[in-house]
Amino acid sequence: MNSQPRTVQMYFDGVEVLRIEDGNKCHEILFPPGHQPDLMEMRWDGELVYAISNATSEVLVNRLPK
């Protein structure tokens, strides 16, 4: 398991809002201050590693760095 992913992506409600590739930010969508997505997901190299649902208060942790 690689603890240093090449690509980190963040999604709000299924929309990619941030992508960092090899340490360089290459995609960003800004939301109004105070925006609270119903679902926030983080992916490492395309694999879902963390998700938080505001609607159900559930948290998924699929993988943690070593």
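Student: How many bridges join strand β2 to strand β3?

Tutor: In this predicted model, β2 covers residues 15-21 and β3 covers residues 24-28. The two strands run antiparallel. One of their pairings sets Glu21 against Asn24. The number of bridges joining β2 to β3 is 4.

Student: Which residue in the turn between β2 and β3 has a positive phi?

Tutor: β2 and β3 form a hairpin, with 2 residues between the strands. In that turn, a positive phi of about 50° belongs to Asp22.

Student: Which residue in β2 stands opposite Thr7?

Tutor: Strand β1 spans residues 7-12 and runs antiparallel to β2. The two are joined by 6 bridges and form a hairpin, in whose turn Asp13 has a positive phi of about 50°. On β2, the residue opposite Thr7 is Glu21.

Student: In which strand is confidence highest, and what is its mean?

Tutor: Over the chain, the mean pLDDT is 87, and 89% of the residues reach 70 or more. Confidence is lowest in β6, residues 58-61, at a mean of 86. Confidence is highest in β1, at a mean of 94.

Student: What percentage of the residues in the chain is buried?

Tutor: The chain contains 6 strands and 0 helices. It exposes about 4,700 Å², of which carbon and sulfur atoms supply 52%. A residue counts as buried at under 20% relative accessible area. Of the 66 residues, the buried share is 23%.

Note on methods. Residues are numbered from 1 along each chain as its sequence is written. This is a predicted model: local features need pLDDT of at least 70, side-chain atom pairs count only at pLDDT 80 or more; totals for chains, interfaces and linings use all residues. Side-chain values use heavy atoms; hydrogens and water are left out. Buried means under 20% relative accessible area, exposed over 50%, partly exposed in between (1.4 Å probe, protein chains only). Accessible areas come from the Shrake-Rupley method with a 1.4 Å probe; for residues, only the protein chains shown count as cover. pLDDT is the predictor's confidence in each residue, from 0 to 100. Two strands pair if DSSP finds at least two bridges between them.
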